[in-house]
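Please keep the 3D view open as you read.

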Amino acid sequence: MSRPTRRQVLHGSAAALTGAVLTAPAAFAQTAAARPADGHGNSAGHGASGGHQMPEPFDEVYQGRHIEGWPADDGGSHNGGHGNHHASRAAGPHEGMDFVVRIDNDDLHVMRNADGTWISLVNHYETFTTPHALARAAVRELQGADLVPVVTG
């Protein structure tokens, strides 16, 4: 049995490296698609940009905190009159936002990622499939503490 030459080893290594580089995007795509559907990761219910649907409005009491959310462009009439929102409120502090999330009447600054997931200032390093799941996670993270408003400009 003969030993492989240096050239054969280098060609084999280059071929293996090329194969790994070409298959990595497919492997990562499968990993992202396999994330759990409990509010984390990529699944249905994303926002409107990039072909994603706008999430449904919500209004509930979760762990003793009133959480609500609605698309920022609907003028605040998100829940059939159950809330206390006015068009003037949506035009001011929510300008440039896709979705408004509030915890006990305080705005929670939320952002939509390019992949359609959502993050907030409270859970900045966790992604969520919907603002509703994000709001619930923020309530858990706050552990009863008040939400401090973000002051801009």
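What pattern does the chain follow, read along the sequence?

1. The order is α-β-β-α-β-β-β-β-α. In total there are three helices and six strands, taken as DSSP runs numbered from the N terminus (helices H or I, at least four residues; strands E, at least two).

2. A word on the source: this is a predicted model, where local features need pLDDT of at least 70 and side-chain atom pairs count only at pLDDT 80 or more, while totals for chains, interfaces and linings use all residues. Residues are numbered from 1 along each chain as its sequence is written, and side-chain values use heavy atoms, leaving out hydrogens and water.

3. Of the chain's 153 residues, 31% count as buried, meaning under 20% relative accessible area with a 1.4 Å probe, protein chains only.

4. Do look at the largest nonpolar core, which has 18 residues. Such a core is a set of buried Ala, Val, Leu, Ile, Met, Phe, Trp, Tyr and Cys residues joined through side-chain atoms within 4.5 Å. Among the members that touch the most others are Phe 58, Ile 103 and Leu 108. Helix H3 (131–142) supplies at least two core residues, as do strands E1 (58–62) and E3 (99–103); the largest share, seven residues, is from H3.

5. Leu 108 is worth a click: beyond its neighbours within four places in sequence, its contacts (heavy atoms within 4.5 Å) include Val 101, Leu 134 and Leu 147.

6. Finally, visit Ala 72, in the loop between strand E2 (65–71) and helix H2 (87–91). Ala 72 is buried because its relative accessible area is 8%.

Notes:
Buried < 20%, exposed > 50% of the residue type's maximum accessible area, 1.4 Å probe, protein only.
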